[in-house]
Amino acid sequence: MTARLQSLFSSRLKRSIRLGLRSLWLHRLRSLLTMLGIVFGVCSVIAMLAIGEGASFEAQEQIKNLGSQNIILRSVKPPEDQKVSNNQNNFTLDYGLKYEDISRIQATIPGVTTIVPARVMREYVWNITLRVDAEVVGTVSWYPAMRNHRVASGRFFTETDQLAAENVCALGAEMAQRLFPMEEPLGKTVRIGEQYYRVIGVMEALTKAKTDDTGQSSTQQAVDRMFIPLETAKRRYGEVLFKRRSGSFERERVALHEVTVKVEDPEQVVAVSLAVKDLMERNHKKKDYDVVVPLELLRQKEKTKRIFNIVLGSIAAISLLVGGIGIMNIMLANVTERTREIGIRRALGAKRKDIVTQFLIEAVLLSGAGGALGVLLGVAIPFVVSSFAGMKTIITPLSPIAAFTISALVGVIFGLYPALRAAKMDPVEALRHE
Amino acid sequence: MPQPIVSLQEVRRSYKMGDVVVEALRGLSLDIGAGEYVAIMGPSGCGKSTLLNLLGCLDRPTSGHYLLGGTDISSLDDDELSDIRGRRLGFIFQSYNLIQQLNILENIEVPLFYQGRSEEEARAIAIGLAKRVGLERRLDHKPFELSGGQQQRVAIARALASDPLVILADEATGNLDSTSGREILSLFDELNQAGKTLIMVTHDASVGERAQRVVRLSDGQLESDKRRSA
Ligand SMILES: Nc1ncnc2c1ncn2[C@@H]1O[C@H](COP(=O)(O)OP(=O)(O)OP(=O)(O)O)[C@@H](O)[C@H]1O
Ligand SMILES: [Mg+2]
C-alpha cells in the first residue's frame, strides 16, 4: 500500500517536472534570461572561491616552508643616506646580524631551542661549462631539520665537516638538475671562483610559488640555494664581501645574513618574536635587520582570507537575491498569463496544493537549472585560469554542492509567493479571465 | 420523480460591488433527479452562470443549502470541493477551455491525474474516451489544430474522465456553427441515454428543446419549470 502510494507520488512528481520543463521550454529565451542572474552569481562565486583558495593554499605552503615555529632574522642594508656622507672608495659598509646577536638571544630569551646562523653569498656555481646563478649559504648542519627542507639524496654536511671546514656542498634540487642534467651529481665537484666543492647531497624540491608573499626579496624560492658549512664559508670568504656595482667596488661587512630561531613551544612563537624584536632594537642603532615571523604571516593570511570570504559571500548573497527577484518577477507574469489554465485545472479537481506544487516546481527548475549552469561554468573557469594563467586553483567539493543547493532554495523562496498567489485565485474568476 | 441528486434549498448568491450588493440568485429552490436532462434558460444577466458555478462547486451560496448526492456543500472545505469537482462533476464550457500547451490525450488526462490515477490507467481511460467522442486519430494534436466542434468534443471527453454524477454545460454550443452544434447535442443525447445527468445553460430555444426539462430563470428567481412529456 505505502509502496503504491510512493510510486504514485514519484510518478506525480516526475509528471510535474516534465510539465514544468515543457512550459519553461515554451518560453526558452525568457527562461534563459531569467536564469542568468543565478548563473553569473553561482559561477563567479565558485570561480573566485577556487582562485582565492588556490592562492591562499600556495601562500600557506610557502609560509609552512619557512617553518611555523621559526622566527627568521635577516640582514638588511640600512638606508642609503648613511653611506653618502662617507663617499670614499675604500669605505666598508658594516651592517647586519652579528654573532653576538645569537649569543644574546640564547642567553636572555627562554624557550628558544635552536638557532641556525647563515651567511649568504650570491655566486656563480660552475660544473665545467654549465653555470648557475645561486645563493651560496654557509650554515650549520641542522639547517634542513629547522627549515623543513630535507635532503633528497646523499646527505647534508655534519659537525665533522663543519669543524674541518671541508669543501663539501648540498645542492638545491633545481640547480642540481641544471648543473648535472645527464649525470648523478653526488660525488662530483662544482666550482665557485677558484674553490672546488664536492657534492655530498641534493635537497628536495621546494614548492614553487609565483610571488613571495613574505614581502622579502624572495630568498628562499626565487634563487636556488647551495649549502656549505658555515666554517668553510668564513674561511673562504672572510668577513668582508666585495660587490661590483656600477663601475666601482663596494665592500660590505656582514657577519650573518640570516638567523633562524626555533621556538620550542608553538604557543610561544609570538611572545618570543616580540622579545627578539625588542632585544634587536636595543642592540642595533640602525634598522639593519628584519624579523619575519612565518606564523604571524600565516595568521595574517588567514585573516585576509576570512575577509575575502566575507566579501565573496556578500557578492553571492546579492547576486542570488537579484536572481531570485528576477525569478519571482517572471513567475508572477507566468501566473497572470496562465490564470485561465489555473481556473481550468481547479475546475478539473486540482487542489490548491497541486497548483502551488506546479508553480513552485517551475520556479525551482528555473533556479536549479541556473545553479547547475553556474556550477558548470564556475568549475570550468578555474580550470581555464590554471591552465592558461598558471595560477593554482582549488575547488573544494563543498562549494559547487552548496551553490547548487542554495540556488534551488532561492527558487523555493522566491517562487513561493507567486505560487501561493496562483493557488489563492478564485476558480470562477480565473475561468472568466481572458 | 427519482431520488434528487441535486437539491437547492432557498439558495442566494450576492456579490458586493463596493457599496452596492448585486443579488444574482434570490432564494432559488430546485431539485434535479439522477439521469435527468435539464436546460436552464433565461435572459442575459438572470443568474444562469452563477447557478451553474454553484452547481459545479466552483462557488458557494451566500445563504441556503446545496446538497449534491446528499452532501451539503457548504460544510466542505476547499480541498473537499476540489475533490468533488474532480470526481463527481464534469464541466463543459462555451470556449472549450482546453489547455493549449497539452495535446488532446493529455488534456483528457488532466482530471485523471488529480484523481490520483497512475500513468497507465490514465492513458487507457483517456484513449477510451477519445474513441467515444470520435477523436482517436487526433490524440497527439494540439487544441489549436482542431476545429471548434472537435475541441468541444475533447472537452466532453475530459468531462467524462471523472465519471461524473452530473455534467454541467454552459453555452456548450454557443461558439459552434449549427452542424457541429448538432453533433455536440447528439453526443449529449447519447450521454443522457447512457444514464448521465445533464444540466446545460443555453440561450437557444431550439437547443433547450432537446432537454426533457426546461428551467427558466428571471432576475435570480425561478420563473418556470417545465417537463416535456415523454
Ligand atoms: N463576480 C461578479 N461580481 C459582481 N457581479 C457579478 C459577478 N458575477 C455575476 N455578477 C452579476 O450577477 C448577475 C448574474 O450574472 P450571470 O453571469 O449569472 O448571468 P447569466 O445569466 O449567465 O448571463 P449571460 O446569459 O449573459 O451569460 C449579473 O447581474 C452579473 O452582473
Ligand atoms: Mg452566463
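Let us start at a meeting point of two chains: the side chains of R346(A) and D78(B) come together in a salt bridge, with N and O 3.0 Å apart. A salt bridge here is a side-chain nitrogen of Lys or Arg within 4 Å of a carboxyl oxygen of Asp or Glu. The elements that give two or more residues to the side of chain A that touches chain B are α1 (2-26), α11, α12 and α14 of chain A. Of these, α1(A) supplies the largest share, ten residues. Sorted by class, that side of chain A has ten nonpolar, four polar and 15 charged residues. In this sorting, Ala, Val, Leu, Ile, Met, Phe, Trp, Tyr, Cys and Pro are nonpolar, Asp, Glu, Lys and Arg are charged, and the others, Gly among them, are polar.

Before going on, a word about the model. It is a predicted one, in which local features need pLDDT of at least 70 and side-chain atom pairs count only at pLDDT 80 or more, while totals for chains, interfaces and linings use all residues. Residues are numbered from 1 along each chain as its sequence is written, chains are lettered from A and ligands numbered from 1 in the order in which they are written, and side-chain values use heavy atoms, with hydrogens and water left out. Helices (H or I, at least four residues) and strands (E, at least two) are DSSP runs, numbered from the N terminus.

Now for the interface as a whole. Chain A and chain B bury about 2500 Å² between them, and 50% of this is on carbon and sulfur atoms; buried area is the accessible area (1.4 Å probe) that two parts lose on being put together, summed over both. The contact, meaning heavy atoms within 4.5 Å, takes 29 residues from chain A and 29 residues from chain B. Between chain A and chain B there are six salt bridges.

On the chain B side, follow helix α2 (residues 78-88), where D78(B), L81(B), S82(B), I84(B), R85(B) and G86(B) are buried. Buried means under 20% relative accessible area, exposed over 50%, and partly exposed in between (1.4 Å probe, protein chains only). The cover over these buried residues includes α11, α12 (352-388) and α14 (427-432) of chain A, together with β4 (63-68) and β6 (89-92) of chain B.

I342(A) counts as buried because its relative accessibility is 2%. Leaving aside neighbours within four places in sequence, I342(A) is in contact with V335(A), I355(A), F359(A), A422(A) and M425(A). Helix α12 of chain A holds Q358(A), which is also buried, with a relative accessible area of 7%. Outside the four places in sequence on either side, Q358(A) is in contact with L19(A), R338(A), E341(A), R345(A) and, from the other chain, Y114(B).

Another buried residue of chain A is S31(A), at 8% relative accessibility, found in helix α2 (residues 28-66) of chain A. A polar atom of the S31(A) side chain lies 2.9 Å from the backbone oxygen of L24(A). With neighbours within four places in sequence left out, S31(A) is in contact with L24(A) and L366(A).

One joins E337(A) and R30(A), whose closest N and O atoms are 3.0 Å apart. This pair links distant parts of the chain, with E337(A) in helix α10 (residues 294-337) and R30(A) in helix α2 of chain A, 307 residues apart. E337(A) is partly exposed at 47% relative accessibility, and R30(A) is partly exposed at 23%.

In chain B, the side chains of D59(B) and R13(B) meet in a salt bridge at 2.8 Å, N to O. D59(B) lies in the loop between α1 (48-55) and β4 of chain B and R13(B) in strand β1 (residues 4-17), so this pair ties together parts that are 46 residues apart in sequence. Both partners are buried, D59(B) at 10% relative accessibility and R13(B) at 15%. Back in chain A, R74(A), E135(A), R225(A) and E258(A) are linked in a network of salt bridges.

Methods:
A polar contact is a pair of N or O atoms within 3.5 Å; within protein, one must be able to donate a hydrogen and the other to accept it, and residues adjacent in sequence count only if both atoms are side-chain atoms.
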